[in-house]
Amino acid sequence: MAERKKRAAPQQSVQLPVPTRLFAEGEAAAEQSEAMRRVEAGLLQLADRLAAPLGMDRRRFLQSSCGMAAAFLALNAVFGPLFAVAPAEAADPEAAAAREAGLQGQLIFDVQTHFVHPAYPSTGILGLRELARPWNPQLQGQQTLADIRFDSYFREVFLQSETALALLSNAPHEDPQRWFLSNDEAARARQAVNDRAGSRRLFAHAVFTPGAPGWLEELERAAAWRPDGWKGYTVGSPFGDSKWPWRLDDEKLLYPAYERMVKAGITTVAIHKGLLPSGYRERMAKTWRFGGVDDLPKAARDWPQLNFVIYHSALRDGGIPSQAEQETFERTGEIPWVSDLARIPGEHGVKNVFAELGSIFAITAVSAPRYCAGILGTLIKGMGEDRVVWGTDSVWYGGPQWQIEALRRLEIPEDLQKKFGFRPLGPGNGPVKNRIFAANAAAIHPYSAAAVGSDELARMKAAARKEGGAERH
């Protein structure tokens with residue numbers, strides 16, 4: 001995803017393990033529902049009660065594994081028992097450590113991550129991290145462009161979280177200087193990480209921009225460095241109206257590109273869909289409809305050689321789900337554009353469509369966890385548990401560990417399972433979540449699980465974990 005994100009708002013210098021306020025890019029005020037205010041207050045009360053017996057102050061407690069557990073207790077107290085967490089995990093470091101030990105070795109493959117090139121000119125994107133500081137204790141001090149460059153990316157994604165494999169993605173801009181990375185820079189970053197790791201840990205997209213001058217020539221040129229897939233924005237550019245929106249099923253414009261992709265043997269096509277900014281009907285009046293999925297069925301049928309990975313699972317609105325959207329889901333099971341995506345395999349007989357969870361999981365897990373569970377239930381029911389892949393949009397928010405913890409703990413409530421025919425997600429390291437976290441990615445980005453546990457990066461991660469000690473979560 002590009003510059004339209006949700007980010008945590010300032011929380012009076014208190015660092016919380018999960019966000020309880022979200023901020024929209026370009027908006028002056030934080031979004032915090034009454035329910036999120038209650039979560040925040042409940043978490044701070046838990047911290048004040050549980051920290052002292054452990055010999056901690058509030059700040060240290062909230063940075064600990066016990067503090068992470070307390071956050072999910074606070075969420076459950078407001079939204080109901082959606083997250084699997086025992087009170088002992090918040091009160092007893094040994095109980096928290098025992099749970100962590102039981103999850104060691106779980107493979108995490110994040111198929112949407114980002115950073116910017118050394119000469120990237122805009123500081124606007126730093127607002128995402130600056131406002132995330134109060135809830136992400138990994139983010140210390142005033143954020144600078146250095147914090148969203150390669151070194152910070154490597155540290156936060158690979159060393160400070162349990163992410164084992166990652167895919168470096170990108171976004172276009174009609175000003176070439178404002179691409180986060182050029183295709184060549186993405187190729188060099190992939191090589192740098194894998195050289196440092198001693199194995200294949202980082203994958204990378206090449207961006208393609210249909211309709212822009214020279215775009216087919218650039219696609220041919222990028223194919224030479226063997227990207228792990230392609231990334232495109234049917235809206236043209238996510239920042240506002242674009243001169244070059246396009247449709248996946250445009251036979252004249254897109255099908256020649258698909259032919260080249262198949263010929264090159266690079267057959268994963270990641271497409272940004274949905275996650276539209278507030279006021280999109282005015283800000284993107286000419287292009288926002290290109291963000292829907294009505295162009296996907298024909299393209300997927302016509303090109304079974306390609307895998308279409310729909311980033312953000314096409315969730316239409318990029319903000320906190322409105323009360324009306326939540327009530328509509330509870331009544332009908334419909335989620336704007338997500339439900340349309342989930343119906344495509346069954347209605348059109350295609351098996352080459354995947355759904356990715358970047359940003360939409362982070363936003364909804366803390367603001368509307370029943371809705372979040374509904375998104376997962378809808379996708380798994382319609383597309384199959386083998387067609388949903390994990391992504392976090394990290395490094396914009398700092399490290400992704402809290403998102404990993406949230407998915408491990410989340411369960412679809414029984415009433416939603418019965419009403420809409422959803423399957424349970426199961427335990428944190430059970431078959432469904434293991435598929436989402438990594439196994440499903442193997443169908444589109446093959447990897448060696450054996451190499452992950454024995455390379456140089458594995459040793460670096462072990463050292464970082466030991467150094468982090470009790471403050472790791």
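Which residues touch the most other members of the largest nonpolar core?

## The cores

In this structure they are F208, W230, Y258, F308, L341 and F361, out of 128 residues in that core. A nonpolar core here is a set of buried Ala, Val, Leu, Ile, Met, Phe, Trp, Tyr and Cys residues joined through side-chain atoms within 4.5 Å; buried means under 20% relative accessible area (1.4 Å probe, protein chains only). Helix α3 (residues 65–79) gives the core its largest share, 9 residues. Apart from this core lies another one of 16 residues, L165, F203, V309 and I444 among them.

This is a predicted model, where local features need pLDDT of at least 70 and side-chain atom pairs count only at pLDDT 80 or more, while totals for chains, interfaces and linings use all residues. Residues are numbered from 1 along each chain as its sequence is written, and side-chain values use heavy atoms, leaving out hydrogens and water.

## Around W230

Leaving aside residues up to four places away in sequence, W230 touches H205, A206, F208, L219, A222, A223, M261, I266, T268, V269 and A270. Contact means heavy atoms within 4.5 Å.

Helices are DSSP runs (H or I, at least four residues), numbered from the N terminus. Helix α15 (residues 360–367) packs against helix α16 (residues 369–383) with axes 5 Å apart and an angle of about 140 degrees. On the α15 side sit I360, F361, T364, A365 and S367, and they meet P369, Y371, C372, I375 and L376 in α16.

Now look at helix α7 (residues 150–159): 7 of its 10 residues are buried. Those are F150, S152, Y153, F154, E156, V157 and F158.

Technical notes: Buried means under 20% relative accessible area, exposed over 50%, partly exposed in between (1.4 Å probe, protein chains only). Helices (H or I, at least four residues) and strands (E, at least two) are DSSP runs, numbered from the N terminus. Axes are lines fitted to C-alpha atoms, for helices over the stretch in contact, and angles run from 0 to 180 degrees between N-to-C directions.
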